Amino acid sequence: MSNPLASDLNTLRKVVEQNANPGRFAQTFHLVPPTGWLNDPNGLCQLGDTYHAFFQYSPFSAEGGVKMWGHCTSHDMVRWTYEGTALYPDQPVDVGGVYSGSAYVEDGVMHVFYTGNVKREDDTNYDYVNTGREANTVYVTSTDGVNFGPKKLVMANADYPGDDTEHVRDPKVWRDGDTYYMVQGARKKDDTGEVLVFSSPDLVHWELCNRITSNTRFGYMWECPDYFELTDTGDFAPRDAVKVLSVSPQGLHGGDWDRRNVYQSGYFVLLGDVTGTCALLPFALWDAGFDFYAPQSFMADDGRRILIGWMGMPDEKTYTNLTVRDGWQHCFTVPREVTARNGRVLQWPIRELESFRTNGRKATDAIEASDTRAFDLLVEQVRSDEELSISLADQLQILWSDRKFELRFASEDMESVGAGRRSRFEYLDELRNVRVVGDVSSIEVFVNDGELAFSSRYYPNEYNVAVEAPGAQISLWDIDATE
Ligand code: FRU
């Protein structure tokens, strides 16, 4: 490492990592930072038989700091190995942080694009929305995710539309035919969120080819866009391909948004051509739980579309994470296979997780178990007209009653199991099945074959599960992902 700033950051982050002790809420099968702060998934890809996941990483404080890319690898997406830090903010184009981005793999090469964040500081009064900020699109390649070539600036503020603010970021790249495409999230000067679509013949020269937004204003900024197409596997496929435009909008208020998270992540099914004329169907949440943001997807070599979210929520003032006192904060969700059936987009934990199930138990109507630190619970053939309740750690209730599906913590106290979290709910027409995947300090709930998910961190003192679901078939396993 010849750059002295990168070299010193590398030395320092090793020191803090050596002293790390994740404490009693350490996860067993979720990607976590070795110490400090983690946010968005970045550069998700498969290279040979190895999955690579990078993450927004601030090793020096559990409350965040300058962003670099941490790096993990896995052969099964369940057991992750930390490989060190890949990209440091060590150049004029990214000195304010190596922000989020993606990896596009071709012929064994990872083509990585990210936002080099720069916040200028001099005696000018910058607002960092319309002035003072550089959103540099930086391109760098690697064949192993560890060693990277030189950073190349491929777009800067002047290359984005003049009616956008300086909030343009999070490039996600794919290829269609002979052309490469990139989406970036943006905030317009009139405070509307939009997606910019760029095209390129060679990954270096990029041109704007489309701007996509909703018919009516939907928040002031759309972060972390992603675009992909799914083959509809349903019996009456209304369309061959379901086109998914995923975004993380900020600034939604009023109506149901007021009872949800401060920021959202979801998708629009896109009709038409992402690079030309298109329209967006209504926004659907990826996840209605407390902790889910900035997801990114990639296509595995076997054709599966895999989505990983950050199990966290920025700027949320009403709840926290008790791991901060152990020097770390946040983790990724379990990777989810995304599919489409009869026009509906579904998410389901990657099938690899099932091979880590042990100690299977089955019951009808009800089940109780203790010591459930890492578990997988499936409740099937639910009678939609009956009430259902799943209690976790005596403190978190998952409830179905009168078309309302709810996650509710018994206490709102900041020191309690929910650390300030209280309730998240959505109304559903019916309830057919529920799957809950629990790790030491997280739960992820998948409803109706994955039509909707709810993710949350939780901090139990004792672990137990109790299900009451009249007439339903219940299966419960431990998950053992230790080597
Ligand atoms: C989303 C986000 C991205 C940005 C990154 C910085 O959580 O704000 O838009 O690139 O985090 O860490």
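**Close-up views of a predicted model**

**View 1. An aromatic cluster.** Ring pairs join Phe218, Trp222, Trp257, Phe268 and Phe283 into a cluster. The model is predicted. Across the whole structure, a search finds 33 aromatic pairs.

**View 2. The tilted pair of Phe55 and Tyr82.** Phe55 belongs to strand S2 (residues 50–58) and Tyr82 to strand S4 (residues 81–87). The two residues are 27 residues apart, so the pair links distant parts of the chain. Phe55 has 0% relative accessibility and counts as buried. Tyr82 is partly exposed, at 25%.

**View 3. The tilted pair of Tyr263 and Tyr293.** Here the distance is 5.8 Å centre to centre, with 40 degrees between the planes. Tyr263 sits in the loop between strand S14 (241–250) and strand S15 (266–272), while Tyr293 is in strand S18, so the pair ties together parts 30 residues apart in sequence. Tyr263 is buried, with a relative accessible area of 9%. Tyr293 is also buried, at 2% relative accessibility.

**View 4. Charges over rings.** Lys119 lies over the face of Tyr128, 4.9 Å from the ring centre. Arg357 places its charged end over the ring of Trp477, at 3.7 Å from the centre.

**View 5. The largest pocket.** Its space is about 790 Å³. The lining has 38 residues; Trp37, Asn39, Lys67, Pro314 and Asp315 are the closest to the centre. Strands S1, S5, S6, S9, S13 and S18 each give two or more residues to the lining. By class, the lining holds 13 nonpolar, 11 polar and 14 charged residues.

Terms used: Residues are numbered from 1 along each chain as its sequence is written. This is a predicted model: local features need pLDDT of at least 70, side-chain atom pairs count only at pLDDT 80 or more; totals for chains, interfaces and linings use all residues. Side-chain values use heavy atoms; hydrogens and water are left out. On a 1 Å grid over the protein atoms alone, a cavity is a set of points where a 1.4 Å probe fits but cannot get out, and a pocket is an open set with protein on both sides within 12 Å along at least five of seven lines; lining residues have an atom within 4 Å of a point. Grid points are joined across faces, edges and corners, and a volume is the space filled by probe spheres set on the points. Helices (H or I, at least four residues) and strands (E, at least two) are DSSP runs, numbered from the N terminus. Ala, Val, Leu, Ile, Met, Phe, Trp, Tyr, Cys and Pro count as nonpolar, Asp, Glu, Lys and Arg as charged, and the others, Gly among them, as polar. Rings of Phe, Tyr and Trp (its six-membered ring) pair if their centres lie within 6.5 Å; planes under 30 degrees apart count as stacked, over 60 as edge-to-face and the rest as tilted. Buried means under 20% relative accessible area, exposed over 50%, partly exposed in between (1.4 Å probe, protein chains only). A charge sits over a ring if NZ of Lys or CZ of Arg is within 6 Å of the ring centre and within 35 degrees of the ring normal.
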